[in-house]
Amino acid sequence: MSSRKNLKIDHIGIAVNSIDQALEFYRDVLGVEPSDRFLAEREQIEAALLPLGESRLELLESSSEDSVIARFIDKRGEGLHHVAIRVPDLEVAIKRICTAGIHLVTDEIQTSPGGYRYIFVHPRSVTGVLLELVEYPEDSKVEVID
Ligand code: ZN
């Protein structure tokens, strides 16, 4: 986060009732092939990744009745769930966020099946959008020069 030039949209998470049904649009109509599809057991969701240039859409389907995605869809229906920003150093980003008095959803950094580390910033703290900050292992080893 020491250089804003290094921030990118990593992915956009979309809550869907059914990945298969959503693919009838994204794959069959738009022509975007999923690059990966996996079950995140801890979060009780199934995810499909649709690469779009440097970023991706992340389709999120609940695999249980009381997952975060199930509760989201119950309340608001399908739609935009979160925006993920790739940062060069997650610890630095978290420190800045906490110093600014902004709340995280949980304090614990987690690791995705794809190998990146992530944390969620509370939507009430930042313009109503659930924000995910992600850091890739290859980024954290790179010296960032402002
Ligand atoms: Zn995400």
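The questions and answers below concern charged and nonpolar residues in a predicted model.

Q: Which element gives the most residues to the largest nonpolar core?
A: The largest nonpolar core has 12 residues, among them Val83, Leu90, Ile119 and Leu133. The elements that give two or more residues to this core are α3 (90-99), β7 (117-121) and β8 (131-135). With 4 residues, the element that gives the most is α3.

Q: Is Lys75 buried or exposed?
A: Lys75 lies in helix α2, which covers residues 68-76. Together with Arg71, Arg76 and Arg124, Lys75 forms a positive surface patch. A residue counts as exposed when its relative accessible area is over 50%. Lys75 has 75%, so Lys75 is exposed.

Q: How many residues apart are Arg42 and Glu108?
A: The side chains of Arg42 and Glu108 meet in a salt bridge, at 3.9 Å from N to O. Arg42 is in the loop between β2 (36-40) and β3 (45-52), whereas Glu108 is in the loop between α3 and β6 (110-111). The pair thus links distant parts of the chain, and the residues are 66 residues apart.

Q: Which helix holds Glu138, the salt-bridge partner of Arg86?
A: The side chains of Arg86 and Glu138 meet at 3.7 Å, N to O. This pair links distant parts of the chain, 52 residues apart. Arg86 is in strand β5 (residues 79-86), and Glu138 is in helix α4 (residues 137-140).

Q: Is Glu135 buried or exposed?
A: Glu135 in strand β8 and Arg117 in strand β7 are 18 residues apart, and their side chains meet in a salt bridge at 3.2 Å, N to O. Arg117 has 24% relative accessibility and counts as partly exposed. Buried means under 20%. Glu135 has 4%, so Glu135 counts as buried.

Methods
Residues numbered from 1 in each chain as written. Predicted model: local features only at pLDDT ≥ 70, side-chain atom pairs only at ≥ 80, totals over all residues. Heavy atoms only, no water. Patch = residues over 30% accessible without salt bridge, like charges linked within 9 Å, V, L, I, M, F, W, Y side chains within 5 Å. Areas by Shrake-Rupley, 256 points an atom, 1.4 Å probe, with all protein chains shown as cover. Salt bridge = Lys/Arg side-chain N within 4 Å of Asp/Glu carboxyl O. Lys, Arg positive; Asp, Glu negative; His and termini not counted. Charge placed at Lys NZ, Arg CZ, Asp CG, Glu CD. Buried < 20%, exposed > 50% of the residue type's maximum accessible area, 1.4 Å probe, protein only. Core = buried A, V, L, I, M, F, W, Y, C linked by side-chain atoms within 4.5 Å.
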